[in-house]
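Q: I have just opened this one and would like to go through it slowly with you. Could you take my questions as they come?

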Amino acid sequence: MARAFQLPVVLALAATLLGGRAAMAAPAEGSTPPYEQDLLKIAELLGSLHYLRPLCGASGEGQRWRTEMQTLIDAEQPSDARKGKLVASFNAGYSSYATVYRTCTPAAVLAVQRQMEEGARLSHEIVVRFGGN
């Protein structure tokens with residue numbers, strides 16, 4: 001599972017590249033960037049990790065996943081409407097797992113692993129496709 005802990009590093013890199021947008025044309029006011037759906041999915045994954053990781057014994061993480069979400073929002077500097085969508089995706093990820101899991105089960109552990117892998121993959125793809133050089 002060591003590979004899975006690369007997600008915050010990849011998210012930080014994506015936030016740096018996307019926040020600066022030095023190599024990309026900034027989207028027009030009110031428009032959404034081409035990576036919006038991936039970003040919404042990452043927000044959802046962060047919300048699910050915020051619920052599942054402590055449930056499955058990662059108590060030392062505290063607010064780690066909420067902080068990752070805030071870092072993403074700070075880097076994106078979204079409009080109020082986009083910020084609302086990102087926050088709603090985070091909350092949906094959290095609540096969808098909170099309704100299913102009350103204790104850590106083997107399925108919850110597997111869900112955490114898959115969430116981490118998917119988040120790392122999506123973050124990497126955003127950086128590669130839209131980060132520029």
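Q: How many residues does helix α3 have, and how far does it reach?
A: In this predicted model, helix α3 covers residues 64-76, which is 13 residues, and it reaches 18 Å from its first C-alpha to its last, close to the 18 Å expected at 1.5 Å a residue. The expected span is 1.5 Å times one less than the number of residues, and helices here are DSSP runs (H or I, at least four residues; strands are E, at least two), numbered from the N terminus.

Q: Before we go on, what should I know about the numbering and the cut-offs?
A: Residues are numbered from 1 along each chain as its sequence is written, and side-chain values use heavy atoms, with hydrogens and water left out. As this is a predicted model, local features need pLDDT of at least 70 and side-chain atom pairs count only at pLDDT 80 or more, while totals for chains, interfaces and linings use all residues.

Q: Okay, which residues of α3 are buried?
A: The buried residues in α3 are Trp 65, Glu 68, Met 69, Leu 72, Ile 73, Ala 75 and Glu 76, where buried means under 20% relative accessible area, exposed over 50% and partly exposed in between (1.4 Å probe, protein chains only). Seen down the axis of α3, these buried residues fall within an arc of 165°, so they line one face of the helix; the arc is that of the directions from the helix axis to the C-beta atoms.

Q: And what comes just after α3?
A: Just after α3 comes Gln 77, with a positive phi of about 50°, although Gln 77 is not a glycine. Most residues other than glycine have a negative phi. Gln 77 is found in the loop between α3 and α4, the helix of residues 80-98, and at 66% relative accessibility it counts as exposed.

Q: How do α2 and α3 cross?
A: The axes of α2 (residues 36-55) and α3 come within 8 Å and cross at roughly 160°, with axes taken as lines fitted to C-alpha atoms, for helices over the stretch in contact, and angles running from 0 to 180 degrees between N-to-C directions. The two helices α2 and α3 are therefore roughly antiparallel to each other, given that angles under 35 degrees count as roughly parallel, over 145 as roughly antiparallel, 65 to 115 as roughly perpendicular and the rest as oblique.

Q: Which hand does that crossing of α2 and α3 have?
A: The crossing of α2 and α3 is left-handed; a crossing is left-handed if the near helix is turned anticlockwise from the far one by less than a right angle, and right-handed if clockwise.

Q: What about α3 against α4, how do their axes lie?
A: The axes of α3 and α4 come within 11 Å and cross at roughly 160°, and that makes α3 roughly antiparallel to α4. This crossing is right-handed, and the residues that meet include Trp 65, Ile 73 and Glu 76 in α3 and Leu 86, Val 87 and Phe 90 in α4.

Q: Which residues of α4 are buried, and what covers them?
A: Arg 82, Leu 86, Ser 89, Phe 90, Gly 93, Tyr 97 and Ala 98 are buried in α4, and what covers them includes α2, α3 and α5, the helix of residues 106-130.

Q: Changing topic, is Gly 47 buried or exposed?
A: Gly 47, which lies in helix α2, counts as buried at 0% relative accessibility. Gly 47 and Gly 93 are 46 residues apart in sequence and 4.6 Å apart in space, C-alpha to C-alpha, and Gly 47 touches Phe 90, Gly 93 and Tyr 94, not counting residues up to four places away in sequence.

Key:
Contact means heavy atoms within 4.5 Å.
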